[in-house]
Amino acid sequence: MARSTARKRALNTLYEADEKGQSILSLLDERIAEPGAQTPLPEYAIEIVRGVADNRRDIDGLLNEHSTGWKVKRMHVVDRNILRIAVWEIVYNNDVPDKVAIDEALNLAKQLCDDDAPAFIHGLLSAICASKPHGAPTDQTN
């Protein structure tokens, strides 16, 4: 299954947990055990959801630090979870180039969000990429 599809499935899981106020990992465990009418979650979707859950405090901190006027709690549920996936890929997943993480987030935003979201998401993710320390473990040139 393509990573784009895995990202969308991860977004569905993160969105559902956020809307329900449920623990991300407990919902993930439910979806793994019983996928219901959908096909089982792809491995990369599971990796994303676990990564976001494990690092959510730091991810949200980065989003709050680089967002002007819109803290994570004020963002639309879909927008903030698209951003969480992209930030996890940018900061914690060296297998995904920053540009790909941003492009994938923009594709999701264009499909699922209002007209203003792609520009907001692009600006915020670009600021986070620009702030990464050179030579850090997440540097894509290593």
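## Helices, contacts and a cavity

Biologist: Which residues of α1 are buried?
Modeller: Helices here are DSSP runs of H or I with at least four residues, numbered from the N terminus. Buried means under 20% relative accessible area, exposed over 50% and partly exposed in between, using a 1.4 Å probe and protein chains only. By that rule, the buried residues of α1 are Ala6, Arg7, Arg9, Ala10, Leu11, Thr13, Leu14 and Ala17.

Biologist: What should I keep in mind about the model and its numbering?
Modeller: This is a predicted model, so local features need pLDDT of at least 70 and side-chain atom pairs count only at pLDDT 80 or more, while totals for chains, interfaces and linings use all residues. Side-chain values use heavy atoms, leaving out hydrogens and water, and residues are numbered along each chain as its sequence is written, starting from 1.

Biologist: How far does α1 reach from its first C-alpha to its last?
Modeller: Helix α1 covers residues 3-20, which is 18 residues. The expected span of a helix is 1.5 Å times one less than its number of residues. For α1 the expected value is 26 Å, and its reach is close to that, at 26 Å.

Biologist: Is alanine 17 buried or exposed?
Modeller: Alanine 17 is found in helix α1. Its relative accessible area is 2%, so alanine 17 is buried.

Biologist: Which residues is leucine 27 in contact with, leaving aside its neighbours within four places in sequence?
Modeller: Leucine 27 lies in helix α2 and counts as buried because its relative accessibility is 0%. Its C-alpha atom is 6.4 Å from that of alanine 17, ten residues apart along the chain. Contact means heavy atoms within 4.5 Å. With those neighbours set aside, the partners of leucine 27 are Thr13, Glu16, Ala17, Lys20 and Gln22.

Biologist: How far is the backbone oxygen of tryptophan 70 from a polar atom of the side chain of serine 67?
Modeller: Serine 67 sits in the loop between α3 (43-66) and α4. It is buried because its relative accessible area is 5%. From a polar atom of its side chain to the backbone oxygen of tryptophan 70, the distance is 2.5 Å.

Biologist: Which side chain joins that of aspartate 98 in a polar contact?
Modeller: Aspartate 98 belongs to helix α5, and its 16% relative accessibility is why it counts as buried. A polar contact is a pair of N or O atoms within 3.5 Å; within protein, one must be able to donate a hydrogen and the other to accept it, and residues adjacent in sequence count only if both atoms are side-chain atoms. At 3.0 Å, the partner of aspartate 98 is lysine 132.

Biologist: How many residues of α4 are buried?
Modeller: The 16 residues of α4 should span 22 Å at 1.5 Å a residue, and its end C-alpha atoms agree, lying 22 Å apart. This helix is mostly covered, and of its 16 residues the number buried is 15.

Biologist: How much space lies in the largest cavity?
Modeller: On a 1 Å grid over the protein atoms alone, a cavity is a set of points where a 1.4 Å probe fits but cannot get out, and lining residues have an atom within 4 Å of a point. Grid points are joined across faces, edges and corners, and a volume is the space filled by probe spheres set on the points. Residues lining the largest cavity include Arg7, Ile82 and Leu108. The space in the largest cavity is about 30 Å³.

How values were computed: 1 Å grid on protein atoms, 1.4 Å probe; cavity = no way out; pocket = protein on both sides within 12 Å on 5 of 7 lines; lining within 4 Å. Helix = DSSP H or I, 4+ residues; strand = E, 2+ residues; numbered from the N terminus.
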